[in-house]
Amino acid sequence: PIIFPNKSLNSKLRFGIIGCSRIAESSVIPAILTSKHAELEMIGSRNIKKSKQFANKFKCNKFGNYDDVLENENVDIVYISTPVGLHEKWSVLSAKKGKHILCEKSSTHSFESAKKMVLISKKNNVRLMESLMFRFHPQHKKVQELIKKNYLGKLFTFSGFYGFPPIPKTDIRFNKKLGGGILNDAGCYPICASRILFSEEPESVFCNLVIDKKSKVDTKANLFLKYSRIKSAFMSVGYDVSYRSTYGLWGTKGNLSLKRAYNIPGNMSAKIIINTNKTNTISIKPVNHFSLIIDNFSKVLQGIIKSSFNFEDDLLKQARIMEAARKSSQTKKEIKIKDIK
């Protein structure tokens, strides 16, 4: 673990915000403000007027553009919330300035780009984590416990669904140059969830992306991930569909499903429905998974805890599968993960 030599374990790490996005405003900055391990140092936007508005809203007395955030020596960690197509640029610049990086999902637009981000982070002795905040919600740990206790028997299939009602075509998610599209936006969630629950990496991917004729971005996607032995994962994500945010597991002794898997609000109880000989529902009290990821990343950097997974290796594994999915859709073939170099 990286420990800040000039800080006590009770000191809070200081966040600089790169990108005044909706998720930064609604969830991440509020989580930083309520954290016992982190605090808000500075807010940056391409538009100074917008960074000032955010600063006023969150009572932060320092604001500016992205470069101003990186030049601020008091910033320990940057939270990068720009469009996906700009993640590499600002991650690389942040690493070179010695800032640890919490980068919004998806980490970037290609496996080659992800490798560059990780390489430069390691060269500059900073940590880089992809902000897939859902994985820190305790409902997934409970599912893992049920798997280990053999409630479901040998696992056979993971199925995941994540989709949204129509969004405006002017939304940044329809901008191809900036890394828009449903795979980057939502496909990353069930891919990550299947990896976590199967506790292994897939061997191959078959993916079909539905491309919008005007914007050229993918608006729907079906993916099939083949894991070792008998395990497989199917996932479907899309825009212009009814809202759905679920996953399920099917095993030799039973099956389970989550009612709200990927973006459960902080005031909502999680529910795991288990079907074996009878149907049971496990409820988990409301928690804010944005707060959990902020605290976890901060405590790992402070040396208070050890991470349960390697941030950089996980980012690369995730990006490799995403790359295989894109290549599969382009070639209309099953792509072996080992062939993505």
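Two strands pair if DSSP finds at least two bridges between them. Helices (H or I, at least four residues) and strands (E, at least two) are DSSP runs, numbered from the N terminus. The views show a predicted model, in which local features need pLDDT of at least 70 and side-chain atom pairs count only at pLDDT 80 or more, while totals for chains, interfaces and linings use all residues. Residues are numbered from 1 along each chain as its sequence is written, and side-chain values use heavy atoms, with hydrogens and water left out.

**View 1. The open sheet and the pairing of β9 with β10.** Strand β9 (residues 218–226) pairs in the antiparallel sense with strand β10 (residues 232–238) over seven bridges. Within this pair, L223 stands opposite M235 of β10. Both strands belong to an open sheet of nine strands with mixed pairing, ordered β14-β13-β12-β11-β7-β10-β9-β8-β15. Its edge strands, each pairing on one side only, are β14 (279–284) and β15 (335–336). In general, strands of a sheet pair through backbone hydrogen bonds, either parallel or antiparallel.

View 2. Contact here means heavy atoms within 4.5 Å. Axes are lines fitted to C-alpha atoms, for helices over the stretch in contact, and angles run from 0 to 180 degrees between N-to-C directions. The strands β9 and β10 pair over seven bridges. Helix α7 (residues 182–198) packs on the sheet and touches β7 (155–163), β8 (204–211), β9, β10 and β11 (244–251); the direction of α7 makes about 155° with that of β7. Helix α9 (residues 311–331) also packs on the sheet, where it touches β8, β9 and β15, and its direction makes about 65° with that of β8.

View 3. L225 lies in strand β9. Residues are termed buried under 20% relative accessible area, exposed over 50% and partly exposed in between (1.4 Å probe, protein chains only). L225 counts as buried because its relative accessibility is 0%. Leaving aside residues up to four places away in sequence, L225 touches I191, S194, P202, S204, V205, S232, A233, M235 and I321.

**View 4. Salt bridges between separate parts of the chain.** A salt bridge is a side-chain nitrogen of Lys or Arg within 4 Å of a carboxyl oxygen of Asp or Glu; the structure holds 19 of them. In the bridge between R14 and D76, the closest N and O atoms are 3.4 Å apart. R14 lies in strand β1 (residues 13–18) and D76 in the loop between α3 (66–71) and β4 (77–80), so the pair ties together parts that are 62 residues apart in sequence. Both R14 and D76 are buried. The closest N and O atoms of E41 and K62, which also form a salt bridge, are 2.6 Å apart. E41 is buried at 10% relative accessibility, whereas K62 is partly exposed at 31%.

View 5. E112 and K115 form a salt bridge with their closest N and O atoms 3.4 Å apart. Both residues lie in helix α5 (residues 111–123), three residues apart, about one turn of the helix. E112 is exposed, with a relative accessible area of 53%, and K115 is partly exposed at 29%.

**View 6. The covered helix α4.** Seven of the 10 residues of helix α4 (residues 87–96) are buried, namely H87, E88, W90, S91, V92, S94 and A95. These buried residues pack against β1, α3, β4, β5 (100–104), α5 and β6 (128–131). Just after α4, G98 takes a positive phi of about 75°.
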